[in-house]
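Q: Please give me a close look at a single part of this model and of what surrounds it. How is that part built, and where do its residues lie?

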Amino acid sequence: MLHLASQSPRRRELLGRLGVEFGVLDIDVPERRDPAEAPADYVRRVAREKAGAGLLRVGVPGAVVLGADTEVVLGDEVFGKPRDERDAAAMLRRLSGRTHEVVSAVSLVSAAREAQAVSVSQVTFAEISEAQIAAYVATGEPMGKAGAYAIQGRGEAFIRHLSGSYSGVMGLPLHETSELLSQFGIGHGDGCSDRVPA
């Protein structure tokens, strides 16, 4: 039985593309980075904590829980979800004309084992004008998105170059996820738990 420890509609959509059935768990894990914690270590830890919290919530023998976290990283700074519109605009100004990393970690846990994979993508933004930033923020799309943009939405227009995983930037790197699932014997048409429609 596979469960996704996330209410993110993007992750639900992406996991569904792999053709596996799954249930969805509403898990709330604090996302606070320790000042001494490297960005990649922080993302890995949060993904692991989400999966672990999900496994505790399910409490069913044979359950497998997938937890994931995705963050935008510029230098040593982690850009999480913007607090408000002003914060979103500030993030976009910082990303304008620069290359940043998107670190996406996936953790898969069961009562017997744990495995994890990390995808790191390089994303280069074009120069964005103040008018473009204001118009984009006004759409509301940046809210709830790490780095204040959605590659699968209007934010894609700002991206000059992507080196890495498109699905990873969206929130769930499908290649790495598929490999992790196969390690747990989960694949296409395996008859896992009932999938909750997106």
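A: Two residues are said to be in contact when heavy atoms lie within 4.5 Å of each other. Helices (H or I, at least four residues) and strands (E, at least two) are DSSP runs, numbered from the N terminus. The model is predicted, so local features need pLDDT of at least 70 and side-chain atom pairs count only at pLDDT 80 or more, while totals for chains, interfaces and linings use all residues. Residues are numbered from 1 along each chain as its sequence is written, and side-chain values use heavy atoms, with hydrogens and water left out.

What lies over the buried face? Two packed helices are described by the angle between their axes and the distance between the axes. For α3 and α4, the angle is about 140 degrees and the axes are 10 Å apart. This makes α3 oblique to α4 (under 35 degrees is roughly parallel, over 145 roughly antiparallel, 65 to 115 roughly perpendicular, and the rest oblique). The axes are lines fitted to C-alpha atoms, for helices over the stretch in contact, and the angles run from 0 to 180 degrees between N-to-C directions. On the side of α3, the contact is made by Glu85, Ala88, Ala89, Leu92 and Arg93. On the side of α4, Glu130, Ile133, Tyr136 and Val137 take part.

The loop between α3 and β5 (99–109) holds serine 96. Serine 96 has a relative accessible area of 11% and is therefore buried. Apart from its neighbours within four places in sequence, serine 96 is in contact with Phe125, Ala126, Glu127 and Ile128.

With 33% relative accessibility, threonine 139 counts as partly exposed. Threonine 139 is 114 residues from leucine 25 in sequence and 28 Å from leucine 25 in space, C-alpha to C-alpha. Glycine 140, which follows α4, has a positive phi, near 85 degrees.

Alanine 148 is found in the loop between α4 and β7 as well. Most residues other than glycine have a negative phi. Alanine 148, however, has a positive phi, near 65 degrees. With a relative accessible area of 0%, alanine 148 is buried.

For comparison, one may turn to another helix, α1 (residues 9–16), in which Arg11, Arg12, Leu14, Leu15 and Gly16 are buried. These buried residues pack against several elements, among them β1 (2–4), α2 (39–58), β3 (64–74) and α6 (174–183). Strand β3 contains valine 64, which counts as buried at 8% relative accessibility. Leaving aside neighbours within four places in sequence, valine 64 is in contact with residues including Met1, Leu108 and Phe184.

Conventions:
Buried means under 20% relative accessible area, exposed over 50%, partly exposed in between (1.4 Å probe, protein chains only).
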